[in-house]
Structure formats: C-alpha cells, structure tokens
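Take a look at it first, and then we can go through some helices and the ligand site together.

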Amino acid sequence: MRKSVLPKQSIYQLIGSFVLRHWRAYVLSALMLVGVAALTVWVPREVGRIVDGLVGGQLRGAGLWRELVTLVTMGVAIYLLRVGWRLQLFAAAYRLGVELRTRLYARLATQGPPFFQRSRTGDLMARATNDVDAVEMAAGEAFLAGFDGTLTLVLVVAMMTLGVDWRLALVALLPFPVMAWSFWVISRRVHDAWRQSLDRFSALNDHVQETVAGVRTLRALGLEPRAGKEFGTRTEAAAAAGLAALKWEAAYEPAVGLTLSAATVLTLGMGGYFVWQGQLSVGQLTAFTMYLGQLIWPMFAMGWVLSLLERGRAAWARLEPVLNEPPSIEDRGTIESVPAGPLAFESVSFSYPGRSAPALDLVSIELAPGQSLGVVGPTGAGKSTLLNLLLRHYAPDQGCIRWAGRPIEQYRLSALRAAIAWVPQEPFLFSASITQNIALARAEASRAEVEQAARLADLHHDVRRFADGYETVVGERGVTLSGGQRQRVAIARALLTDRPLLLLDDALSAVDTATEARILEHLRAARAGRTAIIASHRLSALADADQIVVLKAGRIVERGTHDELLAQGGWYAAQWRYQQLEESLNAA
Ligand code: ATP
C-alpha cells in the first residue's frame with residue numbers, strides 16, 4: 001500500500017533541474033572555464049613559436065620580452081578565471097545542499113510515529129550530513145570538472161590534430177581507449193565501495209547516537225567495555241569500506257600515468273622521425289609534447305568526475321527514498337478549525353503495523369463537550385493507543401472518530417492538533433530555560449502567565465528553589481529534572497496553551513498521590529467546561545471523571561461513573577480496593 005508520492009528521480013535529473021534553475025551561475029562559470037581552456041591551449045602554441053624563434057635566431061631583445069610578457073599575462077588571467085569559476089560554482093552547489101537539507105527536514109517533520117519507529121536516528125542524521133554532501137559535490141565539483149575536462153580535451157585534441165600534425169595525434173591517442181575501458185571498470189567498483197561505506201557510516205552513527213543516549217544505563221550495568229568493543233568493530237568496518245573506496249579511486253591515477261607514458265613514447269618515436277625527416281619543427285614537437293601534458297587534467301578530471309558521480313549516486317540512492325516517503329498520515333482535511341462539540345469513538349478497531357493482536361477492538365465512547373473521561377486498565381490495555389488515534393498519529397483500521405459531528409480526518413491536521421493539549425507519558429524537554437519549555441507553544445506568553453501555569457501544575461515551588469529560577473536551563477545541556485518535575489513542566493506547557501481538549505496520558509505517574517490530587521483539582525477549576533481525557537493507572541485520579549472506561553486487551557470491559565463501577569464489582573472495584581489498601585499502608 002506504500003507508494004511514493006513523487007516519481008522516482010535519478011541524481012542526473014535532480015542535478016539537471018537544479019542547474020536549470022540556477023543556470024546563470026552555471027553559465028557564468030562555464031564561460032570563465034571556456035576562457036581558461038582557450039588560454040591554456042594557447043600557451044603551448046606560444047611556447048612553440050618562442051622556441052622556433054629562438055632556434056631560428058629571429059627572436060631577441062624587445063620582441064622576446066614582448067612574447068614573455070604575453071605568456072605571463074596569460075598565466076595571470078588563467079589564475080583569476082580559475083578562482084572566479086570556482087567561487088561561482090561552489091556558491092551554487094552549496095545552495096543544492098541547503099535545498100536538500102530543507103526538503104529532508106520538511107519531509108521528516110510530516111512523518112508520524114510509524115516512520116520513526118522504522119527509521120533509526122543515526123541513519124537519518126548520516127543521510128542529512130554525509131549523503132547530502134556527496135550529492136552536493138556531484139552537482140558542483142563533478143559537474144564543472146566534467147565540463148572543464150571535456151572542453152580542455154576537445155581543444156587540446158583539436159590543437160594537436162589541426163595545429164600540429166594529425167598523423168602524430170592519431171598515433172599518440174592510440175592508448176586512450178584502453179584507459180576509458182579501465183575507467184569504466186574502476187568506476188563500478190568505486191560505486192559499490194561507496195555505497196557500502198555510506199551504509200556502514202550510517203550504522204556507526206546509529207550506534208554512537210544510541211550509546212550516548214543510553215550511556216547511563218550502559219554505565220550502570222557495567223557495559224562500557226562491550227559498547228566500546230562494538231564501537232571499535234563498527235569504526236573498523238566503516239573505515240575499511242571507506243579505504244576500499246579510496247583504493248579503487250587510487251587506481252585511476254596509475255591508469256592515467258600508464259596511458260600518458262605510452263602516448264609520450266609513441267609521440268617521441270614518431271615525432272622524432274618526422275623532425276628527422278624535416279616534416280615537423282622542433283618547436284612543433286615541443287608544443288605537441290606540452291599538449292600531451294595538458295591531457296593529464298582532462299584524464300584526471302574524468303576519473304575524478306566518475307568517482308564523485310558514483311559517490312553521489314550511492315548517496316542519492318539512500319536519500320531519495322526518505323525524500324519521497326509519503327507522510328505516514330495524509331493531511332487531506334480542509335476544515336480550518338474544530339468547533340465545540342461532542343467527541344465520539346464509533347466502533348474503532350486498530351492494530352499496530354506488523355502486530356496481529358488488536359490494540360483497540362470495537363471501542364465506542366461518547367463524550368459531551370466539557371465532560372471528562374477517565375481511561376483505566378492494566379498495562380498494555382490500549383490506553384495510550386486510544387489517545388494516539390485521537391491525535392492522528394495512527395489511523396483506525398475500522399470505525400470512525402468524530403469531533404463536533406465530523407470524522408477527524410476532515411479537519412486539517414494542524415487544526416486538529418491545535419485544538420488538543422497532549423501530555424505524553426514521557427514528556428520531552430528541550431535544551432532551553434524552564435520558561436521557554438513551558439511557553440513552547442505560546443512563545444508570546446507573559447512571565448505572569450507562565451508562572452500561573454507553573455502554579456497550577458504545582459511546579460512553582462520547585463522552580464523557586466533552583467538558583468536561576470525560571471531561567472534555569474534544563475534538558476541535554478542543563479539541569480536534569482526529576483521525572484515528576486519533567487511531567488509537571490509538561491502539564492504547565494499544556495495548561496498555558498489552554499486548548500479545548502486536554503489529553504493526559506498517565507501524565508502524573510511520577511508524582512505522589514497528594515500532589516497528583518492537588519494538580520487535578522487545579523485542572524478542574526482552571527479548565528471548567530472544557531473536555532479532558534485522562535488515562536491513568538491510579539484510579540483515585542479519575543474518581544471525579546464524568547465517565548470512566550476500563551480497557552482490557554483493547555476492549556472496553558466496564559464503563560460508568562466511579563460509583564457505578566464500584567457497584568459493578570468488576571476489575572475497577574477490585575483495583576480500587578487494592579489501591580486504597582496500598583495507600584493506607586503507605587500512609588501508616
Ligand atoms: P501502559 O499503561 O503500560 O502505558 P497502555 O494501556 O497505554 O499501556 P498501549 O501503549 O496503548 O497500552 O499499548 C497497547 C498494545 O499495543 C500493547 O500490547 C503494546 O505492546 C502495543 N503497542 C503499543 N505501541 C506499539 C507500537 N508502536 N508498535 C507496536 N505495538 C505497539
């Protein structure tokens with residue numbers, strides 16, 4: 001069922017369309033290159049004339065100086081034009097890097113949990129860095145080196161055949177087809193080696209990302225040596241693959257060297273004979289030998305272009321599927337805002353991809369606007385799944401979720417999510433101050449509003465104890481908050497947004513019962529008249545809910561108010577008695 005939204009594009013099409021869009025930079029670079037090439041092939045002719053002039057004795061004094069000044073001027077002009085084309089071209093190629101990274105980021109931002117469950121962070125990071133660099137080089141260096149190399153080749157060969165002697169050129173160029181064949185063989189090996197190298201680099205990245213993220217667990221279990229060994233193996237593997245690619249690339253140069261040596265031997269043999277026969281001047285033979293030297297660059301460029309293109313192709317083969325991956329949830333809705341109205345699950349069933357057992361099985365719930373719903377049940381019963389479907393992280397396999405009478409798919413995804421404040425089981429804090437974390441979705445909120453939200457979340461007193469108060473930086477580069485503090489920052493964040501529907505997914509599991517009760521009390525007062533769905537293991541948190549459903553293996557097995565459920569004498573009643581007993585034992 002998974003198919004690409006965009007037609008598959010080859011790296012050549014990608015670069016082609018990029019070049020068309022930035023044709024000015026490319027044309028300007030190409031013009032400068034034409035200047036460089038024309039001047040470069042003119043130099044041997046100039047030198048040949050000087051040599052013949054000197055040998056014949058016609059060139060001396062002011063005339064000789066003039067010729068030498070012309071030569072130096074040509075050299076300086078070549079230098080300036082070379083700098084110019086490089087600046088033009090690389091500025092354009094960097095733009096391709098920026099475009100690709102922006103596209104990649106935009107695509108990742110539209111992906112939901114199913115995509116990130118399949119993909120690995122380190123691998124995605126490798127694609128955004130290494131692979132984009134490789135494609136960028138194929139569009140920059142490779143493109144222009146290819147153009148420059150071909151141009152120089154054509155001009156040099158033209159000068160050799162038309163400007164010196166076509167018979168000599170024919171013989172001197174004999175070894176070149178052999179070189180072309182060896183390039184073709186080498187380039188295929190280089191491609192495979194680069195592909196493997198990029199894959200292994202990804203695997204290494206994954207390993208580093210995971211071990212750094214889980215470093216405390218590894219250390220606590222004394223697993224650092226094992227992780228270190230694994231790291232060593234992966235680094236070795238990545239380095240070996242990179243080295244194999246470089247080894248194959250290194251084969252280009254000897255191929256060029258051998259070809260040129262053979263060509264020089266043929267030139268000197270045949271050219272010497274022609275000079276002896278008086279059919280060629282010494283100056284012409286000198287110029288011809290210099291032209292042979294000038295073939296080094298086009299030959300080298302060919303090898304270089306091939307290896308850059310192979311690297312680019314291998315990288316593009318890894319990037320393209322991510323760039324073309326359709327969003328895991330289609331945003332086809334057109335309604336721009338969610339009006340007030342009841343919320344209904346109508347016979348909703350859902351299984352996670354690759355799992356046969358349903359995570360939700362024919363779940364039906366009706367919730368009037370402003371009501372609160374408690375969702376309870378043993379671990380793995382489907383509580384979080386219920387909230388995930390409401391947030392459209394996943395789509396139901398069967399049934400329908402309606403809000404204000406319409407299936408939620410009819411609302412724009414952004415509109416739907418803007419109507420919901422969701423506090424997940426494990427909230428994420430960014431490396432920023434507590435204020436910035438609380439005001440994440442409302443950056444314009446005043447300090448008083450942030451503090452008010454923190455008070456409602458029972459966080460204010462904790463924050464005041466930090467040396468920098470609300471400016472304390474938390475997350476990866478700051479203070480580590482306790483699990484309960486993190487959860488309360490997330491609650492404050494949700495409260496500050498003040499959205500019509502609040503979803504708490506076991507969001508107070510890390511705070512004690514009294515704090516939880518206090519926060520819920522605040523929530524009830526602050527959000528009176530607004531809808532809330534609260535999933536929790538602790539039944540006391542939900543006793544005041546307008547409705548409670550008990551989920552077991554994805555099915556609703558009990559439903560009612562707290563009192564009704566106690567009267568039913570089922571799982572809820574037994575669990576309630578057990579938790580009450582536990583509370584009283586803890587209090588004793
Ligand atoms: P808990 O109280 O432990 O948080 P829960 O009631 O919230 O549990 P869910 O997280 O909704 O339970 O999970 C319901 C079932 O779906 C479980 O069997 C779980 O293993 C499975 N499940 C949850 N997330 C995924 C996923 N991303 N991929 C596959 N299966 C999943």
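Helix 10 and helix 12 cross in a right-handed way. A crossing is right-handed if the near helix is turned clockwise from the far one by less than a right angle, and left-handed if anticlockwise. Helices here are DSSP runs of H or I with at least four residues, numbered from the N terminus. This is a predicted model, in which local features need pLDDT of at least 70 and side-chain atom pairs count only at pLDDT 80 or more, while totals for chains, interfaces and linings use all residues. Residues are numbered from 1 along each chain as its sequence is written, and side-chain values use heavy atoms, with hydrogens and water left out.

Helix 10 spans residues 252-277 and helix 12 spans residues 296-323; their axes come within 10 Å and cross at roughly 155°. Axes are lines fitted to C-alpha atoms over the stretch in contact, and angles run from 0 to 180 degrees between N-to-C directions. Helix 10 is therefore roughly antiparallel to helix 12, a label for angles over 145 degrees.

Now for the ligand. Which residues come nearest to it? Of the 14 residues around the ligand, they are Thr379, Lys383, Ser384, Thr385 and Gln425. Being near means having a heavy atom within 4 Å. By class, this shell has 4 nonpolar, 8 polar (Gly among them) and 2 charged (Asp, Glu, Lys and Arg) residues. Helix 13, residues 383-390, gives the most to the shell, with 3 residues.

| Residue | Part of the residue | Distance to a ligand oxygen |
|---|---|---|
| Thr379 | polar side-chain atom | 2.6 Å |
| Gly382 | backbone N or O atom | 2.9 Å |
| His537 | side-chain N or O atom | 2.8 Å |

The protein covers 73% of the 630 Å² of accessible area that the ligand has on its own, as found by the Shrake-Rupley method with a 1.4 Å probe.

Terms used
Polar contact = N/O pair within 3.5 Å; in protein donor to acceptor, adjacent residues only side chain to side chain. Helix = DSSP H or I, 4+ residues; strand = E, 2+ residues; numbered from the N terminus. Parallel < 35°, antiparallel > 145°, perpendicular 65-115°, else oblique.
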